[in-house]
Every structure is written in C-alpha cells, then in structure tokens.
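The tour runs from whole-chain numbers to single residues.

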Amino acid sequence: MTLFRLDASILPATSASRELGDLVEAEWLAAHPSSTVVRRDVAADPIVATAWRDSVTSGFTPADQQTDGQREAIALRARLADELIDADALLFTVPLYNYGVSQHVKTWFDLAYTDPRIDPQGTALRGKPATLVTVLGGNYEPGSPREGWDHSTGWLRRVFEDVWGLDLTVVHRPFTLVGVNPALDAFTDAAAELKAGAEQAAIDAGRTLAASRAA
C-alpha cells in the first residue's frame, strides 16, 4: 500500500496545513502500518516554471530536435505522474497564498497535467481516493467581509474532482492567522472552534481514506 503526500507550505515548522495533514496520515498509517508514504514537498523542492513550457512544446518538436530542457521536462512529468498513478491514495496539503493557489502547486499540477496518462482523456486517476487539506489565514466564507476572495479552494476542487476525477474529501480550516495577526484577536474563540472542527475533520478524513483501501 502506498500513500502519496504533497505539501506546499513555505513555513513547515509552523504550518497549519501540514499539521492537519499529519492527522490524516496518522490515521492512514494506523490502518496500514506497513504502507509506504511517498512525499513531495513542492515548497522545499519546487518544480521549475519552465518545465511546463518545455513539456508542452516537446509535443510539437521531433524527438531528435528536442532540447535538453524538453527531454528533462518529459522525464520529470513522467515521475510526477508515476507518483500519482502508483499510489493507492492521495493527500494534498495546500495553504491559501495571496488569495490564490500556491504557485508551487500550480506549477506542479501544470506539469503533471501534460502527462498523457492523466489528462482529461486518461482514466488513470479516476475514482482514486484523495484528501485535500486547505487552510486560510483569514475567513472568506459567505457573509464575511472578504467573501469570494478564496480563489484557491474552488480551483483545487475543480482540477482534482472534475479534471482528474478523484474521489475527494476536503478538510478546510480558516482563520489560521488568529493569534499571529493582532488585527484578528477578536476572532480568537471562533478560530479555536474552527481549529478543533478541522482537526476532527482531518481525523475523520484519514479514517475514510484508510477504509477506502482494504488492508
């Protein structure tokens, strides 16, 4: 059994997304103690932005005329696809950055998406169980002053559920900057409740993920 885990926080020592991901992973390992966890930290080891360009343009370039960059991009996209395809379950931990998708995650997705096995015409990932942990420093829920400013969670759900066809569970925690940013001190109690709820949701998601694959 193999769990693939992708992390994207640039601050691993204090990362709320990784903390919730750890809860999901712990439940997986409790159910599958001999399984392997394949890790890709796209913040610590980012995919170069030019890889997507080189992968795309390689499709219009005869093999004997491809550049070193194109050949390297083809090999890298295959490794990214292999990690997803070979895993029994997937775990993604992705914080909201500047109201949008982490650049590291977008670059990773764009390159993996060019592999012909997992594009919309492929079926390699369809139905695969996955958990997405997404965290937000503020609160962008309906009725909040910045409702609609979270341009990450919706995009991630779209590409994971609708494009790749994953069987996705989402663990969502807002207000992670309460206690860090004094301007949010008024929301301390609400943030504590949201944190506890997200932690329980992560545990439940981990159990669901583990149960999706028989030991």
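Accessible areas here come from the Shrake-Rupley method with a 1.4 Å probe; for residues, only the protein chains shown count as cover. By that method the protein chain exposes about 10,600 Å². Carbon and sulfur atoms supply 53% of this area. This is a predicted model: local features need pLDDT of at least 70, side-chain atom pairs count only at pLDDT 80 or more, and totals for chains, interfaces and linings use all residues. Residues are numbered from 1 along each chain as its sequence is written, and side-chain values use heavy atoms, with hydrogens and water left out.

Start with the overall form. The C-alpha trace spans about 65 × 40 × 30 Å along its principal axes. Of the 215 residues, 47% are buried. Buried means under 20% relative accessible area, exposed means over 50%, and partly exposed lies in between (1.4 Å probe, protein chains only).

Now the charges. Lys and Arg count as positive, Asp and Glu as negative; His and the chain ends are not counted. Each charge is placed at NZ of Lys, CZ of Arg, CG of Asp or CD of Glu. The chain has 19 positive and 29 negative charges, and their mean positions are 3 Å apart.

Next, the fold. The chain has 6 helices and 5 strands. Helices (H or I, at least four residues) and strands (E, at least two) are DSSP runs, numbered from the N terminus. Their order along the sequence is β-α-β-α-α-β-α-β-α-β-α. Contact means heavy atoms within 4.5 Å. Among contacts between residues at least 6 apart in sequence, 79% join residues at least 24 apart.

Helix H4 (residues 103-113) is mostly covered, with 8 of its 11 residues buried. Among them are Trp-108, Phe-109 and Asp-110. What do the buried residues of H4 pack against? Their partners are strands E1 (2-7), E2 (36-41) and E3, together with helices H2 (50-58), H3 (68-86) and H5 (153-163).

H5 has its own buried set: Thr-153, Leu-156, Val-159, Phe-160 and Val-163. An α-helix has 3.6 residues a turn, so residues three or four places apart point the same way. The buried residues of H5 pack against E3, H4, strand E4 (129-135) and E5. After H5 comes Gly-165, with a positive phi near 75°.

Strand E3 (residues 89-95) holds Thr-93. Is Thr-93 buried or exposed? Its relative accessibility is 0%, so Thr-93 counts as buried. Its side chain makes a polar contact with the side chain of Asp-7, at 2.5 Å. A polar contact is a pair of N or O atoms within 3.5 Å; within protein, one must be able to donate a hydrogen and the other to accept it, and residues adjacent in sequence count only if both atoms are side-chain atoms. Beyond its neighbours within four places in sequence, Thr-93 touches residues including Arg-5, Ser-17, Gly-21 and Val-133.

Finish with backbone angles. Most residues other than glycine have a negative phi. Tyr-99 has a positive one, about 70°. Tyr-99 lies in the loop between E3 and H4, and is partly exposed at 30% relative accessibility. Phe-175 also has a positive phi, about 65°. Phe-175 sits in the loop between strand E5 (167-173) and helix H6 (188-211). At 8% relative accessibility, Phe-175 counts as buried.
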